[in-house]
Amino acid sequence: MRRIIVVTVVIFVVALISIRGWEHTLTAIPRINVECPKGTDAVLVLGQSHASNTGPKRHISWSKSRSFHVGDCHYLRDPMPGTADKGGSIWPQFADHLGKPVVIANMAISGSSISQWTATDKIKEVGDTLQSMSDAGYPNPLIVFMQGETDAAKGTDAETYLTELRKLHSAAPDSRWLIVRESICYEKQAKWKALDQARDALAADHPNVTVGPDLDHLPLALRQKDKCHLTAEGQEVLGQQIAEAATPILR
């Protein structure tokens, strides 16, 4: 009987690998807690779907990087804990391109607007996560904010977006921030410049804020059929771009 069970499991795993690929199969294994590395840079991810698990391919980082969630560290792999959806993300590729170990906490919410991030309960949640990271030995993570498509679709003006950005920045005014340019999604294929004006204005007032890269420059060839979310190649490209932007900040 035991032999039949073993053979059945093996057949199932082989079939799953042949259909979904070995990385997808490995990422289906339950997460295990691992020791949080000491003296490692950390990143807190905020934003919407491009920062969450909306990619078609799951990846595993073979570096010594880790994900961080509710006080625990895990091997860095998709889907990222703490955020939405069950697909792949850009963060294993980001860590591999960064060239050094990093610990990543992810709070991204697909489809979120800037006003959701500045609501009182969400500001508190961001503060609680930062405190949890500090307690684990990461007192000054780089905060990466990847949001804009929802507000571009709503036509949010520069003044309103800047006011909200200032509220969000005030949740961690002494932290290093990397704010990604993005606005294009679905049928809206023209940049909404008001958001970039607000991002640049915030950076002009705060030397700890860096703006870039520009996700709007990613062509449709790197996006899924919905003309918004990334293909597997797009995940790789954006992961590398974010890593290149983060590298000088984390030196």
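Me: Is strand β6 mostly covered or exposed?
Reply: In this predicted model, β6 spans residues 177-181 and is mostly covered, with five of its five residues buried.

Me: Which way do the side chains of β6 point?
Reply: Trp177, Ile179 and Arg181 point one way from β6, while Leu178 and Val180 point the other way. Both groups are buried. In a regular strand, side chains alternate between the two faces of the sheet.

Me: How many bridges join β6 to β7, and in which sense do the two run?
Reply: There are four bridges between β6 and β7, and the strands run parallel. Leu178 has Thr210 as its bridge partner in β7.

Me: And how many bridges does β6 share with β5?
Reply: The pairing of β5 with β6 is parallel and comprises three bridges. Within β6, Leu178 stands opposite Val144.

Me: What is the strand order of the whole sheet?
Reply: The sheet is open and has seven strands, ordered β3-β2-β4-β1-β5-β6-β7, with mixed pairing. The edges are taken by β3 (72-75) and β7 (209-214); each has a single partner strand, so one side of each is left without a neighbour in the sheet.

Me: Moving to β4: how many of its residues are buried?
Reply: Five of the five residues of β4 are buried, and the strand is mostly covered. Val102, Ile104 and Asn106 point one way, whereas Val103 and Ala105 point the other way.

Me: Which residues stand opposite Ala105 and Asn106 of β4?
Reply: Ala105 has Leu44 opposite, and Asn106 has Val45 opposite. Strand β1 (residues 41-47) and strand β4 (residues 102-106) pair in the parallel sense over five bridges.

Me: What about β2 and β4, parallel or antiparallel?
Reply: β2 and β4 run parallel and are joined by three bridges. Arg66 stands opposite Val103 in β4.

Me: Which strands does helix α5 lie across?
Reply: Helix α5 (residues 120-135) lies across β1, β2 (66-69), β4 and β5 (142-146). Relative to β1, the helix runs at about 165°.

Me: Now the charges. What is the nearest side chain of opposite charge to Glu149?
Reply: That side chain is Arg223, 5.7 Å away. A salt bridge requires a side-chain nitrogen of Lys or Arg within 4 Å of a carboxyl oxygen of Asp or Glu. Glu149 is buried and has no salt bridge.

Me: Where does Glu149 lie, and with which residues is it in contact?
Reply: Glu149 belongs to helix α6, residues 149-154. Leaving aside neighbours within four places in sequence, Glu149 is in contact with Gln48, His50, Glu182, Ser183, Ile184, Cys185 and Leu215.

Me: Turning to the backbone, is the peptide bond from Asp78 to Pro79 cis or trans?
Reply: The bond from Asp78 to Pro79 is cis, with omega near -15°. Pro79 lies in the loop between β3 and α3 (91-98).

Me: What is omega for the peptide bond from Gly212 to Pro213?
Reply: Omega is near -5° for the bond from Gly212 to Pro213, which is also cis. Pro213 is located in strand β7.

Me: What is phi at Val70 and at Asp85?
Reply: Val70 has a positive phi of about 50° although it is not a glycine. Asp85, likewise not a glycine, has a positive phi of about 70°.

Me: Where are Val70 and Asp85 found?
Reply: Val70 is in the loop between β2 and β3, and Asp85 is in the loop between β3 and α3.

Me: Finally, the chain as a whole: how many helices and strands, and what percentage of residues is buried?
Reply: The chain has nine helices and seven strands. Of its 251 residues, 51% count as buried.

Note on methods: Residues are numbered from 1 along each chain as its sequence is written. This is a predicted model: local features need pLDDT of at least 70, side-chain atom pairs count only at pLDDT 80 or more; totals for chains, interfaces and linings use all residues. Side-chain values use heavy atoms; hydrogens and water are left out. Buried means under 20% relative accessible area, exposed over 50%, partly exposed in between (1.4 Å probe, protein chains only). Lys and Arg count as positive and Asp and Glu as negative; His and the chain ends are not counted. Contact means heavy atoms within 4.5 Å. Two strands pair if DSSP finds at least two bridges between them. Axes are lines fitted to C-alpha atoms, for helices over the stretch in contact, and angles run from 0 to 180 degrees between N-to-C directions.
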